[in-house]
Amino acid sequence: MMFARLLSPYRCPPMKILVANWKMELGVRESVALARGVVRGLRGLKEVPHVYLAPSHPALTDVAKVLGRSRVLLAAQDVFGEVQGAYTGFVSAKQIKEVGAGAVIIGHSERRMFAGETDADVARKFAQAVEHHLDPIVCVGEPAAVRENGEALAYVHDQLDAILASADVSKRRRLIVAYEPIWAIGSGVTPTIHDVREMHRAIRERFEEAGMERVSVLYGGSVNSENVYEFVSDSEVDGVLVGGASTRLNSLMELIGVVSEVS
Ligand code: PEP
């Protein structure tokens, strides 16, 4: 790997990515302890994948302190689509940046479902993230009925078109899209690697058409230490977004271990 890199840095596939979405599962102290465990676990490793930890908003500042200058990156779980103002309870991209996060999850299906976020809301959030130099981790994915009707590609296409129209993506340094079929999240059910590959290709093509070739496409939905290899070893899969299995140190470190093996 090292030798190949010396010969031609461009031939090596980029490092794989793991995003740990802790949702509303952990308190501040638990988030800090888990972040500490990850930083310790990665110490001494020469090559580590890009690991993003996404605690809930109240834990961002403390987790940022733990991550300090480590190679582990901090992501928020959501951002509001306006710059500033009378928006009680919302959090802006600037505030997220201020507490030390470098990335933000946008359009997670749980936000679309429980907070009623529309594609237009997601597009505004995306534009804010891009404007404030946060790496956007945009979640897209279809409900079960849409997949059964054979309309999954068109559904995700529409979700992507909404965000692509909202900001100039060609200037982005890093842009991450997580393909998360809604029916696979927290269900223990996963799509076939064939379906994931097909969707990832379609997502990449859509970004290429918009002048953005460096998009990383992750898979998310019931990833665990048993199935993670099948996903991350595929050349169409740049990494994984993990919910449940990322909230315990042992399973998170197992996942990171597998992802770093294939990176
Ligand atoms: C998620 O939070 O986006 C997710 C994929 O959750 P889980 O891994 O628990 O299915």
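**Close-up views of a predicted barrel and its ligand site**

**View 1. Strands β2 and β3 pair side by side.** Strand β2 (residues 50-54) and strand β3 (residues 73-76) run parallel and are joined by two bridges. Strands (E, at least two residues) and helices (H or I, at least four) are DSSP runs numbered from the N terminus, and two strands pair if DSSP finds at least two bridges between them. Across from Y52 stands L73 of β3. The model is predicted: local features need pLDDT of at least 70 and side-chain atom pairs pLDDT 80 or more, while totals for chains, interfaces and linings use all residues. Numbering starts from 1 along each chain as its sequence is written, and side-chain values use heavy atoms, without hydrogens or water.

**View 2. Helices α3 and α11 against the strands.** Helix α3 (residues 60-67) lies across β2 and β3, at about 170 degrees to β3. Angles run from 0 to 180 degrees between N-to-C directions, with axes fitted to C-alpha atoms, for helices over the stretch in contact. Helix α11 (residues 249-262) packs on the sheet and touches β1 (17-21), β2 and β8 (239-242); contact means heavy atoms within 4.5 Å. The direction of α11 makes about 165 degrees with that of β1.

**View 3. The closed barrel.** Eight strands with parallel pairing form a closed barrel in the order β1-β2-β3-β4-β5-β6-β7-β8. From one strand to the next, the twist averages 25 degrees.

View 4. The ligand is surrounded by 14 residues, the closest being K23, H108, E180, G186 and S222; a residue counts if one of its heavy atoms lies within 4 Å. By class, four are nonpolar, eight polar and two charged. Oxygen atoms of the ligand lie 3.1 Å from a side-chain N or O atom of N21, 2.7 Å from one of H108 and 2.8 Å from a backbone N or O atom of G243.

Methods
Polar contact = N/O pair within 3.5 Å; in protein donor to acceptor, adjacent residues only side chain to side chain. Nonpolar A, V, L, I, M, F, W, Y, C, P; charged D, E, K, R; others polar.
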